[in-house]
Amino acid sequence: LGATMIHMAASAWWLVLLVVVPATGTLDPKRVHFIDSAMVGGHRNFLFRGNLPTTASHTFAFDQLNSTMRTVALREANLTLPENFYLIDLSLLDPLEYKDEKVEKEFFKSNPQAGRYINWPIVGSLLKPDSLPQRIRKSEAELLPKTSIDKIPKKMDELRHMLMTPGSLPQVIYIHCEAGMDRTGEVSGSYYMRWQNISFATALATDNAVEARNISIYSQNGLQWYCYYLHFAGGQPWQECSLA
């Protein structure tokens, strides 16, 4: 198989998700962390990561999320979250997690002034980058924007654009999946590398420190592929992406 076919075949495992019944959860303040902020148009916009923002009664945990992000911003960045802001709920859930997605969608449908819901299904990759010969790994990494399902190179530009977009209110972006570790780790870790010039090793260690387990191998593969993309084609040749 050529490089493109190898990666597309490996990424296609996401179809398996459609026969897996997902587990639901509730907002865990210990998994909410500050990622970044930016002064734009007179307001400070914020970027956070965390887990599913719902309550035990399966409603959207807007007040708890607000309170948690306020505490985290002060503790981790010495910044004060504004009293009023526009929330961008950036969900990484897959199509079978529709019950959780419905809760989020219905909240913003009923409260459009509070913000909006965006869905970026993220699946990672079955293909371990270091299992391939260097020549193929390089070719695969360079083709990542075209061959991967997650489209992380494009999403990193879109995420940065969200953070840097001015609005009538400060914008607060909250990235999450169910657990706030695996898919959230792939996206957050990619942001650390791309926009904060953090090494792959540090980004992965940060993801793994969220809970008492490492992120899934699929999400780790996705993060590592993005590192190789940055190394070979994304303007960060200094990135050391090998796990060896």
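Student: Which phenylalanine residues form one aromatic cluster?

Tutor: The cluster consists of Phe60, Phe62, Phe107 and Phe108. Please note that this is a predicted model, in which local features need pLDDT of at least 70 and side-chain atom pairs count only at pLDDT 80 or more, while totals for chains, interfaces and linings use all residues. Residues are numbered from 1 along each chain as its sequence is written, and side-chain values use heavy atoms, with hydrogens and water left out.

Student: How many aromatic pairs does the structure hold, and what makes two rings a pair?

Tutor: There are nine aromatic pairs. Rings of Phe, Tyr and Trp (its six-membered ring) pair if their centres lie within 6.5 Å; planes under 30 degrees apart count as stacked, over 60 as edge-to-face and the rest as tilted.

Student: Where in the chain do Phe34 and Phe48 lie?

Tutor: Phe34 belongs to strand 1 (residues 33-40) and Phe48 to strand 2 (residues 43-50); the two are 14 residues apart, and their pair links distant parts of the chain. Strands here are DSSP runs of E with at least two residues, helices are runs of H or I with at least four, and both are numbered from the N terminus.

Student: Are Phe34 and Phe48 buried or exposed?

Tutor: Buried means under 20% relative accessible area, exposed over 50%, and partly exposed in between (1.4 Å probe, protein chains only). Phe34 has 19% and is therefore buried; Phe48, at 0%, is buried as well.

Student: How do you know whether helix 8 and helix 9 are roughly parallel or antiparallel?

Tutor: The axes of helix 8 (residues 200-208) and helix 9 (residues 217-232) come within 11 Å and cross at roughly 160°. That value makes helix 8 roughly antiparallel to helix 9, because angles over 145 degrees count as roughly antiparallel, under 35 as roughly parallel, 65 to 115 as roughly perpendicular and the rest as oblique. Axes are lines fitted to C-alpha atoms, for helices over the stretch in contact, and angles run from 0 to 180 degrees between N-to-C directions.

Student: Which residues make the contact of helix 8 and helix 9?

Tutor: Phe200, Leu204 and Asp207 of helix 8 and Gln220, Leu223, Gln224 and Cys227 of helix 9 make the contact, where contact means heavy atoms within 4.5 Å.

Student: What makes the arrangement of helix 6 and helix 7 roughly perpendicular?

Tutor: Helix 6 (residues 152-163) and helix 7 (residues 182-196) pack at about 75°, with axes 10 Å apart. The angle therefore makes helix 6 roughly perpendicular to helix 7. Among the residues that meet are Ile152, Met156 and Leu159 in helix 6 and Val187, Tyr191 and Trp195 in helix 7.

Student: Is Lys146 buried or exposed?

Tutor: Lys146, in helix 5, has 70% relative accessibility and therefore counts as exposed.
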